[in-house]
Amino acid sequence: MKQFKHPFPFSDDNKRYHTWNYYLKHHYGQKVAKVPLDAGFTCPNRDGTKGYGGCTYCSAAGSGDSIVTHGDLIDQFEKGYAIMARKWPNCKAMAYFQAYTNTYGPIEKLQASFVPFIEREDVCALAIATRADCLNEEKIAFLCELAKKKEIWIELGLQTIHDATAEQIHRGHTFFEFQQCVQALAPTPLKICVHLINSLPNESIDDMIESAKVVGSMPIDAVKIHMLHIMNNTQIAMQYQQHPFPLLSMEEYVDVVIQQLEVLPPSIIIQRLTGDALAKDLIAPAWTLHKIQVLNDIDKAMAKRNTWQGKKL
């Protein structure tokens, strides 16, 4: 019996969107903690194949700033998992290959990185962060073999459907290439999660909502949404300091996220609605450090408006 009554079906609490916790609880029957890992991959946007320095917003750690330690993968996992287990005793782990592009390399590198975690009893699934231009037929086939044993999530860093923005942030591939990748993944057992960033330079609120709506119309399983972080030692930080551009306020962000949720199908899992940044490296916006407040404000505003994920479809 639900304690809270509202029109959204995929919820056991006051949430009006399809949370990641809801999915994990109903799929695995227990708490699952993501353990971030750095498997030593690089990126075609860093090694000169597509460019140097990565996407303009990307940190030197390749978005792996929250990783506890680096070096040996098993050591990384053991230390990260121990921290999670202190918070959630008896939780299962999802090995999250977070840093850089984790399918960019020879198949032997992928095998050496992923297979040991498929064999571990304390790991229930793998999440693999990558790019749409770094998954060929051979690699997809290999990942499908792994998916016979455990759930495999492919996290694609799209950020925006708009190619003009993609060029500005130096993403290095087109939206058409992303569409081709999703078409290749859709018939497989691999789960697809798409990353979107709000408040990218020169994007309007309508642009952000359109990104969510178009992505939501595709055969995907989940999305991650977060605010643009201006981080120290990134290309976008230099641009921002030289020529400041407007960033969404917390109130504006809450409003945009709600409008994005309203155009996403209820079945799509919302893995994240706000990101984590290390305070020592964050230049702006400072309000993103108040993650709980942002999430609470989203919940309150959705209840006040009597809206929910998918309402405007």
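Leaving aside its neighbours within four places in sequence, which residues is A147 in contact with?

View 1. The model shown here and in every view below is predicted; local features need pLDDT of at least 70, side-chain atom pairs count only at pLDDT 80 or more, and totals for chains, interfaces and linings use all residues. Residues are numbered from 1 along each chain as its sequence is written, and side-chain values use heavy atoms, with hydrogens and water left out. A147 is found in the loop between α4 and β4; helices (H or I, at least four residues) and strands (E, at least two) are DSSP runs, numbered from the N terminus. Apart from neighbours within four places in sequence, the contacts of A147 are I152, P189 and L190, where contact means heavy atoms within 4.5 Å. From C-alpha to C-alpha, A147 and L126 are 9.1 Å apart in space, and they are 21 residues apart in sequence.

**View 2. The open sheet.** Seven strands, in the order β1-β2-β3-β4-β5-β6-β8, form an open sheet with parallel pairing. Two strands pair if DSSP finds at least two bridges between them. The edge strands, β1 (32-37) and β8 (269-272), each pair on one side only. From one strand to the next the twist averages 25 degrees. Strand β1 runs parallel to β2 (residues 92-97) and is joined to it by 6 bridges, with K34 opposite M94 in β2.

**View 3. Strand β5 and its partners.** Of the 8 residues of β5, 7 are buried, so the strand is largely enclosed by the rest of the structure. Buried means under 20% relative accessible area, exposed over 50%, and partly exposed in between (1.4 Å probe, protein chains only). Strands β4 and β5 run parallel and are joined by 5 bridges; the bridge partner of W153 in β5 is K191. Strands β5 and β6 pair in the parallel sense over 6 bridges, and V194 stands opposite V223 in β6.

**View 4. Helices α6 and α9 on the sheet.** Helix α6 (residues 175-185) lies across β4 (151-159) and β5 (191-198), and runs at about 165 degrees to β4. Axes are lines fitted to C-alpha atoms, for helices over the stretch in contact, and angles run from 0 to 180 degrees between N-to-C directions. Helix α9 (residues 250-262) packs on the sheet and touches β5, β6 (222-227) and β8; the direction of α9 makes about 165 degrees with that of β6. Q180 has its place in helix α6 and, at 41% relative accessibility, counts as partly exposed. The C-alpha atoms of Q180 and A132 are separated by 8.2 Å, although the two are 48 residues apart along the chain.

**View 5. Helix α1.** W20, Y22, Y23 and L24 are buried in helix α1 (residues 20-28). The buried residues of α1 pack against β1, β2, β4, β5 and β8. After α1 comes G29, with a positive phi near 75 degrees.

View 6. Helix α3 (residues 107-118) packs with helix α4 (residues 137-146) at an angle of about 15 degrees, with the axes 11 Å apart. That angle makes α3 roughly parallel to α4; angles under 35 degrees count as roughly parallel, over 145 as roughly antiparallel, 65 to 115 as roughly perpendicular and the rest as oblique. The contact is made by I107, L110, Q111, F114, V115 and I118 of α3 and E138, K139, F142, L143 and L146 of α4. These residues divide into 8 nonpolar, 1 polar and 2 charged. Ala, Val, Leu, Ile, Met, Phe, Trp, Tyr, Cys and Pro count as nonpolar, Asp, Glu, Lys and Arg as charged, and the others, Gly among them, as polar. Helix α2 (residues 73-87) and α3 pack at about 45 degrees, with their axes 11 Å apart, which makes α2 oblique to α3. Their contact is made by L73, I74 and F77 of α2 and S113, P116 and F117 of α3.

**View 7. Helices α9 and α10.** The axes of α9 and helix α10 (residues 291-305) come within 10 Å and cross at roughly 60 degrees. The two helices are therefore oblique to each other. Residues of the contact include Y253, V257 and L261 of α9 and V294, I298 and R305 of α10. The contact residues divide into 10 nonpolar, 1 polar and 3 charged.
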